[in-house]
Amino acid sequence: MKTEAITILALMGVMVTFGVTHYFKYKQLKRYYKREVKKNNELLDSIVEKDERINVLSNQLTDMFQEDKRKNAKILAKNQEIQQLKEQAK
């Protein structure tokens with residue numbers, strides 16, 4: 001009876017130790033994943049901000065390109081007009 005009680009107490013001790021160990025590992029993992037999620041959210045926010053900035057710059061470049069095309073068209077029209085005037089002067 002005495003050895004059975006000691007065995008039961010020993011097994012209970014092992015079970016409690018096992019449970020406590022796993023509980024603290026769980027808490028540690030929970031903190032780790034919470035920290036990782038926070039880090040990933042910050043990275044995602046940074047990527048979104050950079051993507052928005054890229055879109056703004058892309059739109060500005062597109063506008064500049066369109067403006068340059070208009071200016072080039074005006075220059076070509078002026079050159080053709082000058083060419084026509086030269087031909088008429090001959």
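Two salt bridges were found in this predicted model, a salt bridge being a side-chain nitrogen of Lys or Arg within 4 Å of a carboxyl oxygen of Asp or Glu. Because the model is predicted, local features need pLDDT of at least 70 and side-chain atom pairs count only at pLDDT 80 or more, while totals for chains, interfaces and linings use all residues. Residues are numbered from 1 along each chain as its sequence is written, and side-chain values use heavy atoms, with hydrogens and water left out.

Helices here are DSSP runs (H or I, at least four residues; strands are E runs of at least two), numbered from the N terminus. Lys39 is partly exposed, with a relative accessible area of 42%; the term covers values between buried (under 20%) and exposed (over 50%), with a 1.4 Å probe and protein chains only.

Lys71 forms a salt bridge with Glu67, and the closest N and O atoms are 3.4 Å apart. Both residues sit in helix α1, 4 residues apart, which is about one turn of the helix. Lys71 is partly exposed at 44% relative accessibility, and Glu67 is partly exposed with a relative accessible area of 39%.

Next come the surface patches. Patches are made of residues with over 30% relative accessible area and no salt bridge, with like charges joined within 9 Å and nonpolar side chains (Val, Leu, Ile, Met, Phe, Trp, Tyr) within 5 Å. Accessible areas come from the Shrake-Rupley method with a 1.4 Å probe, and for residues only the protein chains shown count as cover. Lys and Arg count as positive and Asp and Glu as negative, while His and the chain ends are not counted. The place of a charge is taken as NZ of Lys, CZ of Arg, CG of Asp or CD of Glu.

A patch of positive charge on the surface brings together Lys27, Lys30, Arg31, Lys34, Arg35 and Lys38. Lys38 belongs to helix α1, which spans residues 2-89, and is exposed, with a relative accessible area of 55%. A patch of negative charge gathers Glu42, Asp45, Glu49, Asp51 and Glu52 on the surface. Of these, Glu42 is found in helix α1 and is partly exposed at 48% relative accessible area. Val16, Val20, Tyr23, Phe24 and Tyr26 make a nonpolar surface patch of about 530 Å². Val20 lies in helix α1 and counts as partly exposed at 40% relative accessibility.

Finally, the aromatic rings deserve a look. The count comes to 2 aromatic pairs, where rings of Phe, Tyr and Trp (its six-membered ring) pair if their centres lie within 6.5 Å, and planes under 30 degrees apart count as stacked, over 60 as edge-to-face and the rest as tilted. The ring centres of Tyr23 and Phe24 are 5.4 Å apart with their planes at 70°, so this pair is edge-to-face. Tyr23 is partly exposed at 44%, whereas Phe24 is exposed at 52% relative accessible area. Tyr32 and Tyr33 form an edge-to-face pair, with 5.3 Å centre to centre and 65° between the planes.
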